[in-house]
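I opened this notebook to record what I looked up in the structure, entry by entry. Each entry keeps to one topic.

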Amino acid sequence: MSDDPTDVRAFFATRAAGWDNRFPDDGPAYAAAVAELGLRPGDAVLDAGCGTGRALPPLRTAVGPTGTVIGVDLTPEMLAEAVRAGRRGPLGAGILLLADVGGLPLRDGGLDAVFGAGLVSHLADPVADLRELARVVRPGGRLALFHPIGRAALAARHGRRITPDDLRAEPRLRPVLAEAGWRLVSYVDEDARFLALAVREG
């Protein structure tokens, strides 16, 4: 699939209605990844490319009632599924915004952390988009790039092989993050999960 935003939107629009049913057992993996983000009560966190909002409930639990959880996605159909699943608003998990991570309608340095599940491979301009995520996070804030299965398992699911030029490979991801204002502090790529944690420099 292309990483052009129009193509990404079209891809997910046709799959939104049954998306959660395709991955019914991912909940614990999302919760575990959120726990490693190190959120505290009262924190403000962004779920970038939130899709149907599967990460929003554990993010809300982590920041508590005084925290802020914002989910951003560029596909209206995915956000509609998040609403149907009860993942919006004060009684749900978070605020939902229709936006591209490359141009967020958020102020500079207003967030403590960003969570991005399955995000990296869909970025049109990885350095610019990750820099935009850095813009909205305070210095010392954290970024989690997550997928509930690792690169090799995901490639096998799609009938592909992983290659060294994969952006999620640590030798490629580390300098891209650094150029965008992030320092990679932890990297795990195993069959059961992919999780890269980074800290906002500056």
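**Entry 1**

Does R151 count as buried, partly exposed or exposed? I found that R151 counts as buried, because its relative accessibility is 11% and buried means under 20% relative accessible area, exposed over 50% and partly exposed in between, with a 1.4 Å probe and protein chains only.

I noted that the model is predicted, that local features need pLDDT of at least 70 and side-chain atom pairs count only at pLDDT 80 or more, while totals for chains, interfaces and linings use all residues. Residues are numbered from 1 along each chain as its sequence is written, and side-chain values use heavy atoms, with hydrogens and water left out.

**Entry 2. Confidence**

I looked up pLDDT, the predictor's confidence in each residue, from 0 to 100. The protein chain has a mean pLDDT of 88, and 87% of its residues reach 70 or more. Confidence is lowest in helix α2 (residues 19-22), with a mean of 62, and highest in α6, at 98. Where pLDDT is low, the predicted coordinates should not be read in detail. For element names I rely on DSSP runs numbered from the N terminus: helices are H or I of at least four residues, strands are E of at least two.

**Entry 3. Strand β7 and its partners**

I then turned to β7 (residues 193-200). Seven of its eight residues are buried, so the strand is largely enclosed by the rest of the structure. For pairing I required that DSSP find at least two bridges between two strands. Strand β6 (residues 182-190) pairs with β7 in the antiparallel sense over eight bridges, and a hairpin of two residues joins β6 to β7. Within this pairing, V188 has L195 in β7 as its bridge partner. Strand β5 (residues 137-147) also pairs with β7 in the antiparallel sense, over six bridges. There, R142 stands opposite V199 in β7.

**Entry 4. The segment after β7**

I followed the chain past the strand. G202 is found in the segment after β7 and is exposed, with a relative accessible area of 92%.

E201 lies in the segment after β7 and R183 in strand β6, so the pair ties together parts that are 18 residues apart in sequence. E201 is partly exposed at 36% relative accessible area, and R183 is partly exposed at 40%.

**Entry 5. Salt bridges**

I took a salt bridge to be a side-chain nitrogen of Lys or Arg within 4 Å of a carboxyl oxygen of Asp or Glu. By this rule the count comes to eleven.

The side chains of R151 and D189 meet in a salt bridge of 2.8 Å, N to O. R151 lies in helix α7 (residues 151-157) and D189 in strand β6, so this pair ties together parts that are 38 residues apart in sequence. D189 is partly exposed, with a relative accessible area of 29%.

R135 forms a salt bridge with E132, with the closest N and O atoms 2.9 Å apart. Both residues lie in helix α6 (residues 126-135), three residues apart, about one turn of the helix. E132 is buried at 12% relative accessible area, whereas R135 is partly exposed at 24%.

**Entry 6. Nonpolar cores**

I defined a nonpolar core as a set of buried Ala, Val, Leu, Ile, Met, Phe, Trp, Tyr and Cys residues joined through side-chain atoms within 4.5 Å. The largest has 32 residues, and those with the most contacts inside it are L46, L130, L133, L143, L177 and W182. Elements that give two or more residues to this core include β1 (44-48), β2 (68-73), β4 (111-117) and α8 (170-179). Its largest share, four residues, comes from α6.

With contact meaning heavy atoms within 4.5 Å, and residues up to four places away in sequence not counted, L133 touches L46, A48, V101, L104, V114, L119, L143 and W182. Apart from this core lies another, of 22 residues, among them Y30, A82, F146 and L195.

**Entry 7. R54**

Lastly I looked up R54, which lies in the loop between β1 and α4 (56-63). R54 is buried, with a relative accessible area of 18%. Its side chain is joined to that of Y30 by a polar contact of 2.9 Å. I used that term for a pair of N or O atoms within 3.5 Å; within protein, one must be able to donate a hydrogen and the other to accept it, and residues adjacent in sequence count only if both atoms are side-chain atoms.
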